[in-house]
Amino acid sequence: MFNDPTRPHPADLWRDGVQLRAYEFRGLFEECSLGWTIEPAKDSEGLPVWYLREPCGDRYQDGYPWESWADLVSDLTDWINQGLSEGACQA
């Protein structure tokens, strides 16, 4: 999932307060949340939106999308921090 040999693992970057690239954030969240995934999509106007998928595959909160990447990151920050503190992440 994290195959850039020039950068440390995203968990290490996260702990150091480095802003992650979108693919790094998404991968770190998916690793730390034990089965939850971030699904990128487009809305009816072709603008990017993001959904959360539960481990069972259902869209979280009846499929309510995030329209802002910054809001998604803000809302998922606690999940990543909890996963890191509980050792759910590999780094």
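The structure is a predicted model, in which local features need pLDDT of at least 70, side-chain atom pairs count only at pLDDT 80 or more, and totals for chains, interfaces and linings use all residues. Residues are numbered from 1 along each chain as its sequence is written, and side-chain values use heavy atoms, with hydrogens and water left out.

**Helix 2 and helix 3**

Let us start with a pair of helices. Helices (H or I, at least four residues) and strands (E, at least two) are DSSP runs, numbered from the N terminus. Helix 2 covers residues 22–32 and helix 3 covers residues 69–85; their axes come within 9 Å and cross at roughly 40°. These axes are lines fitted to C-alpha atoms, for helices over the stretch in contact, and angles run from 0 to 180 degrees between N-to-C directions. Helix 2 and helix 3 are therefore oblique to each other. Angles under 35 degrees count as roughly parallel, over 145 as roughly antiparallel, 65 to 115 as roughly perpendicular and the rest as oblique.

Which residues of helix 2 and helix 3 make the contact? Helix 2 brings Ala22, Phe25, Leu28, Phe29 and Cys32, while helix 3 brings Trp69, Val73, Leu76, Trp79, Ile80, Gly83 and Leu84. Contact here means heavy atoms within 4.5 Å. The residues of this contact divide into 11 nonpolar, 1 polar and no charged. In this count, Ala, Val, Leu, Ile, Met, Phe, Trp, Tyr, Cys and Pro are nonpolar, Asp, Glu, Lys and Arg are charged, and the others, Gly among them, are polar.

Buried means under 20% relative accessible area, exposed over 50%, and partly exposed in between (1.4 Å probe, protein chains only). The buried ones are Glu24, Phe25, Gly27, Leu28, Phe29, Glu30, Glu31 and Cys32. They pack against helix 1, strand 1 (37–42), strand 2 and helix 3.

The largest nonpolar core has 18 residues, and those with the most contacts inside it are Phe25, Leu28, Phe29, Ile38 and Ile80. Such a core is a set of buried Ala, Val, Leu, Ile, Met, Phe, Trp, Tyr and Cys residues joined through side-chain atoms within 4.5 Å. Helix 1 (10–15), helix 2, strand 2 (48–53) and helix 3 each supply at least two residues of this core. Leaving aside neighbours within four places in sequence, the contacts of Ile38 include Phe25, Phe29, Trp50, Leu72 and Leu76.

What is the phi of leucine 34? Leucine 34 has a phi near 55°, a positive value in a residue other than glycine. Leucine 34 sits in the loop between helix 2 and strand 1.

| Residue | Relative accessibility | Class |
|---|---|---|
| Lysine 42 | 59% | exposed |
| Arginine 15 | 44% | partly exposed |
| Leucine 34 | 62% | exposed |
| Glutamate 54 | 25% | partly exposed |

Some of these residues also take part in C-alpha pairs. Glutamate 54 and leucine 34, 20 residues apart along the chain, have C-alpha atoms separated by 9.6 Å. For arginine 15 and leucine 84, 69 residues apart along the chain, the C-alpha separation is 9.0 Å.
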